[in-house]
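Work through these exercises with the structure open beside you. Each one comes with a worked solution.

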Amino acid sequence: MSDDKIIAVTGATGAQGGGLVRAILADPSAGFTPRAITRNPASQAARELAAQGVEVVQADLDDEASLRRAFADAHGAFCVTNFWEHFSPEREVAQAGNLARAARSAGVSHVVWSTLEDVRRHVPPGDERIPTLAGGYKVPHMDAKGEANELFRRAGAPTTYLHTSFYWDNMITFGMGPARDEDGRLAIALPIAGAKLPSIAASDIGACAYGIFREGEDWIGRSVGVAGGHLTGAELAAGLADALGETVVYNAVSPEEYRAMGFAGADGLANMFQFKVEFEEVYCAARDLMVSRRLHPGLTSYERWLEQSAGRIPVPVAVG
Ligand SMILES: NC(=O)c1ccc[n+]([C@@H]2O[C@H](COP(=O)([O-])OP(=O)(O)OC[C@H]3O[C@@H](n4cnc5c(N)ncnc54)[C@H](OP(=O)(O)O)[C@@H]3O)[C@@H](O)[C@H]2O)c1
């Protein structure tokens, strides 16, 4: 039997956890081996992992006992929840609690919890600079993750709090790619005025998490943020224009205009961007590029990400 340390990876079939699995597999002599956790080992993504020799284990974030079994004998656990599947901050907190207690009772030596700021610590619910949403949240998917940090502490799980950044992949997977404006020009709409947005290739979050596991116990009890760049909306548009070979305009919409777009979660995302603009300095400082590069020396730049991924960004055809 191999002496490699097992890293149990939730979200292994997704963006962050998938990046961690690939980073572990790419470094076979380092003494780690991934265990992919999924609700459905028969899914195509899970079968592709198994075909690469990855151990695949069934568990559900809603079921603490299943997580305890999936974490058994593991050295490390990467813990990520997916707010966008259910849009419930309360359920996200409950899932994080299950992860924290399961990691503790399984005796995992190092947990990396994929988290974000609880915006209510900066803008309390009574402060309507950022509108309060149902249930007393400012940014439900951020507040829930930040609130859950305490559950890892309370469980006594040896945790590193990994603060993530906006994915460039949102242009492919989250409908945030360019659209055509009334003049037929490509445009990206973001309510971030002239602020710098810490952002990253989603897969690099997992690769940075691997760096944390590799560096080991010095990280326990600490927070760290990662980003591949701190880019303005104009810089995001200019990079896209270079990659697509066509002008791309940056449309700096207001938070109110963004909210009015009306898609599911638009109000929470408008609040999220408003927070990132109003707290630009502290939010960027929490995602240091040097630290990110130390954790993942192959950290992808925006230009490189575009070289690799621009072909997958849906681009509406020009009319006329
Ligand atoms: N988009 C962004 O810019 C951004 C930036 C920072 C943070 N985030 C956060 O990233 C999180 C999502 O991570 P991601 O993008 O890596 O996910 P993703 O690519 O959308 O994939 C979701 C993953 O979560 C797993 N999962 C979901 N519900 C589960 C459950 N009940 N039990 C077990 N596994 C479950 C899925 O596994 P199976 O389907 O195989 O079971 C899948 O691997 C969200 O909470 C979001 O707030 C997003």
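**Exercise 1.** In the hairpin of β8 and β9, which residue takes a positive phi?

*Solution.* Keep in mind that this is a predicted model. Start with the strands. β8 covers residues 179–180, and β9 covers residues 186–189. The two run antiparallel and are joined by two bridges. Now look at the link. Five residues sit between the strands, and G184 has a positive phi near 85°.

**Exercise 2.** Find the strand that four bridges join to β9, and say whether the two run parallel or antiparallel.

*Solution.* Follow β9 to β13, residues 248–251. Four bridges connect them, and the strands run parallel.

**Exercise 3.** Describe what surrounds the ligand.

*Solution.* Count the shell: 26 residues. The closest are T13, T38, T81, Y167 and N170. Sort the shell by class: nine residues are nonpolar, 12 polar and five charged. Next, trace the elements. α1, α4, α5, α6 and β7 each supply at least two shell residues. α4 gives the most, with three.

**Exercise 4.** Which polar atom of T81 lies 2.7 Å from an oxygen atom of the ligand, backbone or side chain?

*Solution.* For T81, it is a backbone atom. Compare N170: an N or O atom of its side chain lies 2.8 Å from a ligand oxygen. Then turn to a ligand nitrogen, which is 2.8 Å from a backbone N or O atom of L61. Finish with area. Alone, the ligand exposes 930 Å², and the protein buries 85% of that.

Key:
Residues numbered from 1 in each chain as written. Predicted model: local features only at pLDDT ≥ 70, side-chain atom pairs only at ≥ 80, totals over all residues. Heavy atoms only, no water. Pairing = 2+ DSSP bridges. Near = heavy atom within 4 Å. Polar contact = N/O pair within 3.5 Å; in protein donor to acceptor, adjacent residues only side chain to side chain. Areas by Shrake-Rupley, 256 points an atom, 1.4 Å probe, with all protein chains shown as cover. Nonpolar A, V, L, I, M, F, W, Y, C, P; charged D, E, K, R; others polar.
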